[in-house]
Amino acid sequence: MTELLPWLDQVELAPPLAEEAAAAVAGALGELAQGQVYPRSLAAAHGGLFFLMRRGLDKFLGCLSADAGLGQRFTGQHSQVQVDGRTLQLTVAPTTGANAAALRTLLPYLVARPLGLRKSAGCGDRLGLATPGHIRALRATFGRDEDAAMAPIFAQQSIRENARTGRTPQEVMDDAMWGVFQEGWRAGFGADADHLKTLADVDICAAAGYTFYTVDPGDHVDDEANTAAFPALEARVDALPWDVLDSSPADLAARLADRPIDLGTLKVTLDRETLWRAAAKYGRAVAHTVTMYRHLAGAMGERPFELEMSVDETATVTSLAEHVYIAAELQRLGVRCVSLAPRYVGTFEKGVDYIGDLDAFEQSIAQHMAVSRTFGPYKLSLHSGSDKFSIYPIASRVAGDLVHLKTAGTSYLEALRAIAAMAPDLFRQIVAFARERYPTDRASYHVSAELEKMPDIAGWPDDRLPELLNDFHAREILHVTFGSVLNHPPFREPFFTALRTHEETYSEMLERHFCRHFAPFAG
Ligand SMILES: O=C(O)[C@@H](O)[C@@H](O)[C@H](O)C(=O)CO
């Protein structure tokens, strides 16, 4: 409670509070709250003092002001604190969606915003508990909040993740916001509505105030175009939705075939067959992205937003020529991307390091970068970016600021590491359950882990359990089974109770782990 004292002077209370009066308020507040205030959350604004506090395992918003109307904006417990014959209003309000919305209207740094072309990091959080740890890692890596070399995205979940965790985009946004408030991060953050596939996905995320929209037209990518024989290829090109593309095969050929395209560091010429294969493969994906973009622009109205196109979860690698086709078409059709996620060479599996030839990756990302600088510039997005430690230095060197690192599952895996340390019996049960679920749950993820290769922890002493999270097979198996684990009634409550009880431990683990993610991008 003592942390409140210096802050109370900043509250516009007339006459200004003397130190003793502040101590009295803090005492009364402590008594009422019977809890602990997160010191970094303290914010003086609109003549009041706002803070986040914890009582047991629950968190509450606190508001202290001479103006009764301020606290009445929140639904909660309102009381009066007498100090030196004066009456102050104290509101203690649960961290509900409605209270989150009310707080956002008073503290603008809690509102997600577009980040533009700054180097950025997506910190997806499936549990709604990770943002404080992410913020600490940013601070530990980059120093002052305003100097952070990577602009953060704290609210980031795909539709697929929300379906598995049972959260709504609004809940994801609110959880991230409370984390931002708790840590007092005032340097801005983005909110990524990730892997959107339908217009309905766009609407629900626009309503929740997302600022960064990842359109995933992967279902519209024709991977067979790479190998289709020529007559069949012509038919595929003819069948593209030319009305949406606002073009024709002849027009496309006139614009892009058989002419040198200057990409700055290199020149490329797309012969007719190469162009046709690129169009057959990605034409429908481009058309779908245009449709999603126009719909999004309508849904956002005057509100600013940014768009990422991601084709990372498709079977075949995006070639230089294909990227040129996509970029040229999006530019012609007026779709402005802040970032694009091609399907890079090599293998990007969830929660483990890059699998592939690092020189080939460097060569290919350099080519993609040339396209992005020519037709954008836009950032290259590294999806499945968790734990890709061997390529971070390369991406950082080649892309400079034009890179977006997207992570999510690794924060869930760190939560499991924390559970392994704090609730070993629960961890053992989760591991056994994940083994059963893996054959089914792996379906929509790119993973190659084999059940037989996952270490058997039966004979391990409890204090060794966190080590399981260092094993390739265990990481992937535990990563993709998150939905089943979180929805399994015997696990859900103890899982969240363990993490809430040992909040500090989880944040420390995340901080350590994310420093390893951010440090290579610090230069
Ligand atoms: O699991 C998901 O659906 C998402 O977190 C990811 O696919 C996300 O786009 C990502 O790449 C995070 O590493």
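Analyst: The packing site comes next, followed by its setting.

This is a predicted model, in which local features need pLDDT of at least 70, side-chain atom pairs count only at pLDDT 80 or more, and totals for chains, interfaces and linings use all residues. Residues are numbered from 1 along each chain as its sequence is written.

Take helix α16, residues 409–422. Its axis and that of helix α21, residues 503–518, come within 9 Å. They cross at roughly 130°. Axes here are lines fitted to C-alpha atoms, for helices over the stretch in contact, with angles from 0 to 180 degrees between N-to-C directions. The angle makes α16 oblique to α21. (Under 35 degrees is roughly parallel, over 145 roughly antiparallel, 65 to 115 roughly perpendicular, and the rest oblique.) The crossing of α16 with α21 is right-handed, that is, the near helix is turned clockwise from the far one by less than a right angle.

On the α16 side, the contact uses Thr410, Ser411, Glu414, Ala415, Arg417, Ala418, Ala421 and Met422. From α21 come Thr505, Tyr506, Met509, Leu510 and His513. Contact means C-beta atoms, placed from the backbone, within 7 Å. By class, the residues of this contact are 7 nonpolar, 4 polar and 2 charged. Ala, Val, Leu, Ile, Met, Phe, Trp, Tyr, Cys and Pro count as nonpolar, Asp, Glu, Lys and Arg as charged, and the others, Gly among them, as polar.

Helix α20, residues 489–501, also packs on α16. These two axes come within 10 Å and cross at roughly 85°. That makes α16 roughly perpendicular to α20. Ala415, Ala418, Ile419 and Met422 of α16 meet Phe495, Ala498 and Leu499 of α20. The α16–α20 contact divides into 7 nonpolar residues, no polar and no charged.

Elsewhere in the chain, helix α12 (272–300) passes helix α13 (320–332). Their axes come within 9 Å and cross at roughly 45°. α12 is therefore oblique to α13. This crossing, too, is right-handed. α12 brings Thr274, Leu275, Ala278, Ala279, Lys281, Tyr282, Val286 and Thr289. α13 brings Ala321, Glu322, Tyr325, Ile326, Glu329 and Leu330.

Two backbone details stand out. Strand β9 holds His195. Phi of His195 is near 50°, a positive value in a residue other than glycine. A cis peptide bond joins Gly376 to Pro377, with omega about 5°. Pro377 sits in the loop between α14 (358–375) and β15 (379–382).

Finally, the whole chain. It has 21 helices and 16 strands; these are DSSP runs, H or I of at least four residues and E of at least two, numbered from the N terminus. The radius of gyration is 25 Å, close to the 24 Å from the globule rule for 523 residues, so the chain is as compact as a globular protein of that length. (The radius is taken over C-alpha atoms, and the rule is 2.2 Å times the number of residues to the power 0.38.) The C-alpha trace spans about 90 × 60 × 40 Å along its principal axes.

Technical notes: Two residues are in contact if their C-beta atoms, placed from the backbone, lie within 7 Å.
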